[in-house]
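Please work through the exercises below with the sequence and the model side by side, and try each task before reading its solution.

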Amino acid sequence: MKPEELAATLHPLEIRVLLALGPEGRLAERTFSAEGVTQAQLRTVIEWQLAKECMRLLATEEKTWVELTELGEKYAAQKTPAQAIFKLFQTQTTLSSAQLAASLPVYDQAERGSAFGALKKENCLLEVENGVFSWKPAASLPARFSLEQALIEKVKAAGRQEMSALTLEEKSLVEGGSRKRGKEKGVFRLVTEQARQLELTELGQAVREAARKLGRSGDEVNALTSAMLADGSWRGKSFRRYNLQIRPPRRVAGRRNPYREFLDRVRRKLIGLGFEEMRGQLVETEFWNMDALFMPQFHSARDIHDVYFVKQPTHAPALEEPFASRVAAAHSDGGQTGSRGWGYDFDRERSRRLVLRSQGTVLSARWLHRAAVPGKYFAVARCFRYDQVDATHAPDFFQCEGIVLGEQIDFVTLLGLLRLFAKEVARAEEIHFAPAYFPFTEPSVEIHVKHPTLGWTELGGAGIFRPEVVRPQGVEVPVIAWGLGLDRMAMMAMGLDDIRELFSSDLNRMRTTNVRLRD
Amino acid sequence: MPTITVDPSDFQELLGFAMDEAALGTHLDLVKGEFKGRDEAGQWRVELNDTNRPDLWSAEGIARQLRAARGRRRDYPFFRGEPCGEIRVEPGLEAIRPCVAAFVVRGVRVTERSLAQLIQTQEKLAENFGRKRKDVAIGVYNLAKIRFPVSYRAVDPRAHAYVPLGFEEPMPLAEILTRHPKGIQYGDVLAGHARVPYLTDAGGLTLSMPPIINSRELGEVQPGDSELFVEATGTDLAKVLLALDILACDLADRGGRVQRVRTVFPAATPFGREVDAPRDLDLGLSIPLTEFGRLLGVPVTPVEVDNVLERYGCEVHVEGQSVRVVLPPYRADYLHPVDVVEDFAIARGYETFEPRMPRDFTAGRADPVSLLEDKTRDAMIGLGYEEIISNILTSRTELRTHMQREAPPLVEVANVMNENFAALRDSLLPCLLRVEARSGTATYPHRLFEAGEVAWFDPQAPHGSRTRLLLGALVVHREASLSEAHADLDFLAQQLGGEVSLREEEHPSFLPGRSARVLLADRPIGWLGELHPGVLERWQIGVPAAAFELELEPLL
């Protein structure tokens, strides 16, 4: 920032300090003072100026200060107990302990006791009989007691006193008085402070010059108040300019999870394209998960290494009719579907086996018999696959799938729909249709799109449901079945390269991950 | 989905014309294949996606399909003709491995390269199509050493011995099953049988113990050999025959002269008592011409069907308004006329079809439960909560031990791969605590929530469990308390329009005296409480936390 801009945005406290500095621009902390700036405010100003590189640090010196403790403050007002005792004996020849206590009520037992002991040690006090004392004739109060009193008053007058400025005797008094009797009981407290020597940098000099030219006084108003508005006193006041280049504090705010935000966007897009949402159960029968989709029971994708089986209960008690019988027939010999079937003995018990939903297409299978014609349906469903969890496999993941039913549905409308998905969901213009294989569709197609950074990548698979799938559900019209691979798109939009991070459990990471709108 | 290795020069010899990597990539659409790059030895790696087309799982098969597209179909005359040898099957194999068939091939020059391809094809057919040798397994032998007729019978594995491939000394069959690497790998195919399949020649020499391992004497094929005996055994004769048909065509494509071998079974099979292989399964389908147009959405003429499918290797007979399409002998994958239509579309090229938008108008609609979920999420975000999303599959430890809970039962996985992913969550709190436990360095306060599905064990439900949509919320900071969570719950309930009240009740995850059931009218729909220090300790969380969890559907 230029000196002029800086000068315009300086805080009034900064202005006051700058204007109070001498021409050479030197500032010694602790001794420097500017009007309307407390020592604490001065420290803040120094921090600000250092951060703006208007000041530079020349040296730091350590100073030890003598301050009065609470007890010290008391003795400044009341005299020390030793002084008080000496004064008493100016008018009394002998005093018993009890009389002494009664005459000096402002001191507690310990204070009196220790003063008494010290005086006895100095041989100023003589015990004339048991418990009765008199002052040693003609003796004055030893010098160190009066010195102590004088030092207390001196510190009191100055507020604090620099240790190095004390005489040797004073120093030993302070050290004795602050250390021997412990902190609470002490009269003096030693405070060590760092005092900085600073000077204005060239920038600082220029800023100060600019501030003078701008006519800044340090009396600018920092904030508009309701009172100013009420009495109109805002008129004629000048308001401090703000520096808007300073980084604001970081907010912690309520926020959608980035991965869900991405999924929400896909859901909204599909609803916008006329699709109705389907929802289902996490636990499914093999019947709906596979049989109804014409995956033969001997299919390798059905074995124990691909699907999670439920431990308890293992089987559903019954299957929905007439679907179960019709699907069984389609597998065995085609039934009424016009197919040869897979030609094997269909195992009805296997059909009832409970599994964790392994593909979103289950929902499409379940929806067929209640779907409207024409109809478009979609689901973003959690699925489970028996896979080693790594950078490309999550224990569970989302599949986005659906169906389109209609009298006019055929292969070219399937291609039209996929082209629409490529454009609307993946924003891809360049596409390629490749023949594909799925047990439940024929013809089957994979759509590849050209992604600006990933290059050619598979967007999804689709096809027209086989008659062996739709006829047992009582559907007579052609049905498109489609699925979109969202994970790679989501990882791209969120800038991730490990699929496990879609389900991140690191709050710092979530707070800083953004979903780009263009991906 | 098998991935195979193809030698580029071998492949181009099979093709009869040149083809580079880039051209291969585009041509692979014809075989539902995907080019996966080169391996260290410079061989092409190709993934084949059609699990119903085992004929394509070899360099020969891919080349054959691509050649056909250029009109270079080859005739395979050996599906006719007299057998040149015989296998006699003895009774006793019915329950073990009843099917066997074989052919011979001469004039094929076995090289390192062609042998590698042959072994790969044999393996892919037996592993994928033959389901790890259970349904089909294949053996290849040096024909010159074999005397017909060959015998296939069930024997006592302790009573016979031979030298298996890879070993020097004769071993009893029982020992091969337990000691030979292939015996260990595939022995379970024969498990539970007192007798095992055994192939021997007329001189009593051992060919193999199918489907485990060949003998070293007859069953070791080496570069330089030119006459082979190829057999397949299995449980399904149609599959056994198809595997041999594919191998016979592959070897013929390499210049071999295939001759049939007859198998005489003790009883009739669906293909008769005497079965000659290779045998054309002669699969065909009649399909009305209108089906092409109806399914594809473009007009199709009989001439076009004829031209296009001929170039895909099929035989087409136009019969009035129908066509009869007969598959080549190495294929048996037509189940329904739609399969024929797809072949037509692939052979014509998907790029030749102009995409057309579906014209039907339909109204898009979110599920009501999803709408409720979205509304809930909006309210929570308004309250300053950060949303998380977690895996549903997690561990019993997190769901129970860490939460100081024992009941109710969980929906658990029977075939556990990893204990960390062995049970479906029945609550969202463990997911929220997992995030908290890993986020101690993130600026506080932490207000976390998740709206998501859980599964509740319920033996009365049709699937033994019910999928429910829950909301879980967690507040974590130095002064986090029940009151704060309660105020948020109160706001949320008001936003969702439900009259929610609390009934004090203990919960093992919460501090005694500081937890309550959340009631909607009189129905319990969730919990509110301050997390028990024991729970926080188990999660290694050093900051107080309060939470609530609600079932959302009752609020609909």
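Two exercises follow, each with a worked solution.

This is a predicted model, in which local features need pLDDT of at least 70 and side-chain atom pairs count only at pLDDT 80 or more, while totals for chains, interfaces and linings use all residues. Residues are numbered from 1 along each chain as its sequence is written, and chains are lettered from A and ligands numbered from 1 in the order in which they are written.

**Exercise 1.** Determine the order of the strands in the open sheet of chain A, and state which strands stand at its edges.

*Solution.* Helices (H or I, at least four residues) and strands (E, at least two) are DSSP runs numbered from the N terminus, and two strands pair if DSSP finds at least two bridges between them. On this basis, three strands of chain A form an open, antiparallel sheet in the order S3-S5-S4. Strand S3 (94–96) and strand S4 (125–129) of chain A each have a single partner strand, so one side of each is left without a neighbour in the sheet. Next, three bridges join S3(A) to S5 (residues 132–135) of chain A, and Thr94(A) stands opposite Ser134(A) in S5(A).

**Exercise 2.** Describe how helix H4 (residues 70–78) and helix H8 (residues 143–158) of chain A cross, and list the residues in contact.

*Solution.* Axes are lines fitted to C-alpha atoms, for helices over the stretch in contact, with angles from 0 to 180 degrees between N-to-C directions. The two axes come within 9 Å and cross at roughly 105 degrees, so H4(A) is roughly perpendicular to H8(A) (65 to 115 degrees). Finally, Gly72(A), Tyr75(A) and Ala76(A) of H4(A) make the contact with Ile152(A), Glu153(A) and Lys156(A) of H8(A), where contact requires C-beta atoms, placed from the backbone, to lie within 7 Å.

How values were computed. Parallel < 35°, antiparallel > 145°, perpendicular 65-115°, else oblique. Contact = placed C-beta atoms within 7 Å.
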